[in-house]
There are 4 protein chains.
Amino acid sequence: MAKQCTIAILGAGRIGQVHLQSLQVVSGAQARVIVDPYLTPAMTKQIRSIDAEVEISANVASVFSRSDIDAIIICTPTTTHAELSFSAFKKGLHVFCEKPLERNIKKMQKMIAMYEESKLCYQVGFNRRFDANAQEMKRLINTGKVGTPRMLRITSRDPALPSLDYIKQSGGLFFDMMIHDFDMARFLLGQEVREVYASGGVLVDDAVASVGDIDSAVVVLTFTSGVLAYIENCRETSYGYDQRMELLGSKGMCSTENMTPHRALLSDTKGIQSPKPHYFFLERYAESYKNELEGFVKAIQQKNPTTECSIYDGKKAVELAFAAQKSFESNKPVIL
Amino acid sequence: MAKQCTIAILGAGRIGQVHLQSLQVVSGAQARVIVDPYLTPAMTKQIRSIDAEVEISANVASVFSRSDIDAIIICTPTTTHAELSFSAFKKGLHVFCEKPLERNIKKMQKMIAMYEESKLCYQVGFNRRFDANAQEMKRLINTGKVGTPRMLRITSRDPALPSLDYIKQSGGLFFDMMIHDFDMARFLLGQEVREVYASGGVLVDDAVASVGDIDSAVVVLTFTSGVLAYIENCRETSYGYDQRMELLGSKGMCSTENMTPHRALLSDTKGIQSPKPHYFFLERYAESYKNELEGFVKAIQQKNPTTECSIYDGKKAVELAFAAQKSFESNKPVIL
Amino acid sequence: MAKQCTIAILGAGRIGQVHLQSLQVVSGAQARVIVDPYLTPAMTKQIRSIDAEVEISANVASVFSRSDIDAIIICTPTTTHAELSFSAFKKGLHVFCEKPLERNIKKMQKMIAMYEESKLCYQVGFNRRFDANAQEMKRLINTGKVGTPRMLRITSRDPALPSLDYIKQSGGLFFDMMIHDFDMARFLLGQEVREVYASGGVLVDDAVASVGDIDSAVVVLTFTSGVLAYIENCRETSYGYDQRMELLGSKGMCSTENMTPHRALLSDTKGIQSPKPHYFFLERYAESYKNELEGFVKAIQQKNPTTECSIYDGKKAVELAFAAQKSFESNKPVIL
Amino acid sequence: MAKQCTIAILGAGRIGQVHLQSLQVVSGAQARVIVDPYLTPAMTKQIRSIDAEVEISANVASVFSRSDIDAIIICTPTTTHAELSFSAFKKGLHVFCEKPLERNIKKMQKMIAMYEESKLCYQVGFNRRFDANAQEMKRLINTGKVGTPRMLRITSRDPALPSLDYIKQSGGLFFDMMIHDFDMARFLLGQEVREVYASGGVLVDDAVASVGDIDSAVVVLTFTSGVLAYIENCRETSYGYDQRMELLGSKGMCSTENMTPHRALLSDTKGIQSPKPHYFFLERYAESYKNELEGFVKAIQQKNPTTECSIYDGKKAVELAFAAQKSFESNKPVIL
């Protein structure tokens with residue numbers, strides 16, 4: 001058996017806990033410590049119910065001074081991603097970093113420069129790449145079943161508006177929400193975007209406008225080969241988390257449907273009622289969170305710095321979010 | 001263009017009117033007269049709204065004395081099927097006869113004997129054979145896509161209990177309702193039944209018991225090759241007319257879903273609601289009623305006495321209904 | 001019974017024949033004559049197989065000199081729509097006109113002016129409004145089931161590229177193909193567009209570029225209330241005619257699925273195979289062609305000049321096609 | 001936190017390993033030892049890859065002499081179930097026992113007598129009760145959404161014939177395969193069977209006859225209230241594990257569809273291809289295996305001897321299998 005890969009999780013909020021949970025079943029990996037400078041008793045309790053033995057700490061710096069850690073998982077606010085990555089590179093630790101990679105372009109360039117010198121593994125947390133639907137879609141494209149891609153549609157809707165506090169610090173819809181879809185479009189098509197047009201508005205709740213954001217958007221991406229991709233995001237639905245995609249190619253179309261907690265139908269006087277999609281990303285993408293960490297651990301074990309979602313992928317998604325933001329503000333297409 | 005086939009419809013009730021409607025679009029056929037000894041002003045009005053030019057009469061005998069008729073469609077009560085067929089054979093008229101063919105075995109034998117001497121076309125009204133779902137299922141079987149059949153399931157449920165008056169004179173569930181499914185099983189499998197077991201009861205409304213019938217049944221048919229077919233009938237659902245089938249074979253399974261008036265879905269807090277099936281047979285099988293008459297008219301034009309649903313098919317279905325009735329009453333399997 | 005509405009069909013090509021076929025079952029209407037200046041023996045034969053008694057003529061002018069015609073159906077090339085409408089208005093004939101209404105704005109204005117003086121019925125042939133899926137979607141919107149609309153998606157793909165000759169004279173994808181979707185968006189939302197952004201390209205066949213057109217497009221429409229609608233068109237699929245829509249509202253989402261010739265599924269080693277959509281519009285929208293003529297005939301009988309798809313609707317769709325064309329050419333959003 | 005429940009697994013074959021895997025994520029439980037008298041190096045390796053710390057032993061008796069075990073999970077051959085249960089009762093250990101409970105009626109009665117004196121928890125491994133589809137169906141019944149049950153259908157098909165060696169010692173199709181469906185019917189309807197009719201045959205492979213079994217069967221159960229339930233089993237399909245149910249009630253129908261590894265569809269010239277069901281029970285019912293152990297551990301922690309699938313449920317299913325076997329052999333319905 002390969003040596004266990006020991007891991008420190010930075011950030012003990014919701015997503016940090018998701019990764020801790022996943023590590024329970026990722027073979028070859030062990031969560032050693034989870035740290036958060038804003039640790040609360042509630043967090044500690046939640047962590048304990050997941051893993052009885054992981055160390056819990058409020059001292060982030062301590063992670064970089066101990067010698068029993070192979071890799072870190074960064075789940076702290078975006079503004080800390082660069083500094084924590086720098087520390088990891090210096091210490092020789094592999095890094096798994098949540099999205100968005102970084103909003104400061106200069107810092108992002110430095111991250112990439114250090115990464116390139118490091119020979120370490122770096123993976124960005126675009127977990128949806130590791131979802132069964134996305135994987136099957138990619139497989140159908142790669143095996144030629146859809147032929148040459150022509151049109152890609154991504155529909156991605158959250159079940160409920162996050163708090164205004166969350167929205168305020170989120171970087172806005174393009175950076176916080178649609179960034180997943182920008183990455184998905186690149187992942188599926190395997191090529192780059194040459195033009196972005198973004199349209200959007202406040203259609204769910206006027207309060208969103210008051211904090212300077214939008215809650216609904218349609219973005220059209222033209223890829224280098226001419227493929228037209230269009231992405232729809234909305235912050236609220238009445239029926240749960242809506243995650244569908246559709247790729248039209250010269251030979252066929254691949255489309256994905258929402259996954260549901262069960263598949264029991266009720267037929268009565270009102271019609272045939274089938275279940276709603278999973279409520280939100282924790283339920284819907286639970287498997288993908290495990291899968292991405294399995295990939296990360298495998299890359300480390302195989303000493304392969306080219307992870308399945310690289311630091312460059314992280315950068316490209318950020319650039320697309322910037323372009324969409326600019327297009328939306330100027331109401332003009334933006335050439336990349 | 002082939003000579004028009006001129007037709008007399010005997011019986012001006014619901015099913016007689018369905019055939020009159022179908023004849024409006026069956027090319028090569030023309031309804032000349034519709035007769036009913038119990039003709040009412042309401043019937044006359046309904047007939048007029050379908051076909052402004054067809055003759056309407058209460059004199060059944062007159063049909064057999066005129067010389068401008070090529071074929072008759074028998075939609076009168078089952079007890080009249082034999083005598084009307086005899087008259088048609090004598091007059092040299094082709095016959096389309098509604099199901100069940102005849103419940104008196106002696107008369108049925110005479111019908112067949114006269115038919116065999118006649119060189120006329122005789123078709124029984126098992127319209128479901130001509131439905132798009134059944135046709136596709138038959139095609140998949142015939143082209144080998146499902147391989148050797150193993151199991152056949154037919155689910156056939158009416159939306160609402162008919163009147164007790166109707167039930168009283170219907171001959172019972174096996175003769176009136178399941179007879180369609182007996183025919184369908186033979187049609188799809190292309191072989192005969194060697195054993196019948198029938199189970200049933202009154203699960204919808206006790207009043208059905210008071211007129212000596214049941215409203216729900218499950219029947220298991222063992223075919224000569226060993227294929228097990230099982231048929232479920234129920235006289236009532238809350239969600240409309242339920243017509244599904246499923247054939248498991250060595251290479252694959254073919255199954256059919258209910259057809260619906262539209263395909264618009266509503267997703268909301270309660271789930272994803274898709275439309276109910278068509279309400280009942282008039283909506284659901286409208287196309288099949290046209291198709292069966294097209295087949296009948298074509299057989300006449302091609303002087304081909306072997307119609308797509310022959311007098312022998314009519315007889316076999318009646319025999320299966322008798323066997324099911326006997327099995328139900330004796331609570332034992334019946335060997336044919 | 002109301003007096004029969006007598007009709008002349010102008011143009012004996014495919015769509016003219018569709019309307020002739022529909023008139024066989026539209027109650028209260030009778031096709032008296034079908035005219036086409038380019039009448040061929042093949043056309044005559046096809047027409048005869050549909051209706052044995054309709055007059056066939058190559059003399060378009062004759063329609064306007066006879067006195068036994070109540071209404072005309074215009075199925076001739078777009079460039080003739082205005083003149084034929086003028087003749088009809090002068091003669092006091094009701095008009096059903098195929099889409100697009102007219103590409104010359106001046107002529108269109110004159111058509112509308114004459115219409116407004118005429119008290120005649122005028123209906124434009126946006127048949128999809130009369131489709132069961134669209135009707136159900138509209139019903140769900142009108143009854144408040146989806147709440148306030150936020151996002152509308154229309155996916156509309158043809159099964160195969162038309163001939164280059166057809167494309168050359170078609171006015172281009174926005175006028176010939178997407179015009180149906182512009183109308184549908186307005187029909188469903190019941191409001192007007194304030195901004196159009198069009199993106200498109202040649203993704204199916206380079207020959208389309210050689211005749212100055214595109215074969216694929218994504219258009220974003222911002223409606224007055226802020227609703228974002230996006231329409232995708234592609235001239236080719238491998239799987240048939242793809243006609244789906246989806247409206248996200250504050251209370252729910254209504255979406256429509258493709259209709260299919262049957263609903264038989266084959267489950268085998270490859271997966272579960274369900275049927276392709278209908279091949280193209282003739283099969284898919286057969287019912288809607290009947291329904292729109294029924295609506296037209298009813299409007300005439302009720303002397304109601306406000307048809308279910310008015311001359312103003314025809315004009316609005318043309319304006320949206322112009323705006324999309326301009327946006328596509330300038331690569332900028334166009335404000336209406 | 002409640003004290004950990006320590007568990008010994010008896011039998012280290014496939015199902016023993018499934019339970020070991022489940023225990024990794026069942027909170028409050030810990031697998032202490034897994035024993036198998038026929039332990040092989042391959043088993044040991046598989047066990048190690050699941051749980052690095054569980055003890056592995058070939059000495060079954062040792063389990064009952066140690067003092068650190070609270071409960072046993074019996075995954076050994078059916079013929080050992082009684083003796084192992086007796087040992088557990090004597091030692092005061094809770095028992096989770098795989099199906100079928102026991103085929104020797106006398107021994108089964110003794111098991112029940114000892115259980116009743118013991119105040120220990122006893123649960124039988126009908127895992128499908130704990131599946132999301134079955135749970136939702138039960139919920140819809142319990143909340144009155146389907147009204148009074150009338151008809152229940154269970155379709156249960158394995159993807160491939162097991163080895164003849166397996167079949168020989170399995171007890172036959174009714175004891176080995178359909179026993180799950182007998183339990184499911186009782187679970188859903190919450191009432192008992194009064195009559196059983198079984199029909200079956202060798203439709204997959206003649207070799208099955210050579211070991212005295214059948215591979216296909218249809219069984220009709222009449223429940224005390226009159227509800228008709230019919231169960232179809234087949235040992236082979238080309239498309240994977242087929243697990244569907246359907247309950248028709250006075251107010252509505254609840255039906256369940258197969259679950260699939262993903263929900264990506266491919267539309268091409270052949271049709272719309274959706275994914276096959278999960279291949280077999282390990283994939284399909286993985287969640288239910290976790291859920292049943294969670295229920296068992298919870299019952300122990302709450303000192304509640306009435307588990308969610310009791311020893312009486314185990315007995316009833318065995319009685320139904322006997323009745324079906326007798327009906328099949330005598331070709332007559334069997335009254336219970």
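# A guided tour of chains A, B and C

Begin by selecting A:Arg153, A:Glu246, C:Arg157, C:Glu232, C:Asp242 and C:Arg244, which are linked in a network of salt bridges. A salt bridge here is a side-chain nitrogen of Lys or Arg within 4 Å of a carboxyl oxygen of Asp or Glu. The model is a predicted one, in which local features need pLDDT of at least 70, side-chain atom pairs count only at pLDDT 80 or more, and totals for chains, interfaces and linings use all residues. Residues are numbered from 1 along each chain as its sequence is written, chains are lettered from A and ligands numbered from 1 in the order in which they are written, and side-chain values use heavy atoms, with hydrogens and water left out.

## Chain A against chain C

Next, display chains A and C together. Here 38 residues of chain A are in contact (heavy atoms within 4.5 Å) with 38 residues of chain C. The two chains bury about 3,000 Å² between them, and 59% of that area is on carbon and sulfur atoms. Buried area is the accessible area (1.4 Å probe) that two parts lose on being put together, summed over both. Select A:Arg150, A:Leu203 and A:Tyr230: these supply 21% of the area that chain A buries against chain C, more than any other three residues.

Now colour the strands of chain A. Strands (E, at least two residues) and helices (H or I, at least four) are DSSP runs, numbered from the N terminus. By class, this side of chain A divides into 15 nonpolar, 13 polar and 10 charged residues. Ala, Val, Leu, Ile, Met, Phe, Trp, Tyr, Cys and Pro count as nonpolar, Asp, Glu, Lys and Arg as charged, and the others, Gly among them, as polar.

## Chain C against chain B

Turn to chains C and B. The contact takes 25 residues from each of chain C and chain B. About 2,200 Å² is buried between them, 56% of it on carbon and sulfur atoms. On the side of chain C, select C:Arg263, C:Leu265 and C:Leu266, which lose the most area to chain B, together 31% of what that side buries.

The rule finds 2 salt bridges across this interface. To see a salt bridge between these chains, select B:Arg263 and C:Glu257, whose side chains meet at 3.2 Å, N to O. Helix H6 (132-142), strand S12 (253-256) and strand S13 (264-268) of chain C give two or more residues to the side that touches chain B. Strand S13 of chain C gives the most, with 5 residues.

## Inside chain C

Select C:Arg129 and C:Asp183, which form a salt bridge with the closest N and O atoms 2.8 Å apart. C:Arg129 lies in the loop between strand S6 (122-124) and H6, and C:Asp183 in helix H9 (residues 179-189), so the pair ties together parts that are 54 residues apart in sequence. C:Arg129 is buried, at 6% relative accessible area, and C:Asp183 is buried at 1%. Buried means under 20% relative accessible area, exposed over 50%, and partly exposed in between (1.4 Å probe, protein chains only).

## Inside chain A

Move to A:Met177, in the loop between helix H8 (173-176) and helix H9 (179-189) of chain A. A:Met177 is buried, with a relative accessible area of 4%. A:Met177 and A:Cys234 are 57 residues apart in sequence and 9.2 Å apart in space, C-alpha to C-alpha. Leaving aside neighbours within four places in sequence, A:Met177 is in contact with residues including A:Ser156, A:Asp158 and A:Cys234.

Finally, select the cysteines. The structure holds 0 disulfides over all chains, a disulfide being a pair of cysteine sulfur atoms within 2.5 Å. For A:Cys121, the nearest cysteine sulfur, that of A:Cys5, is 8.8 Å away.
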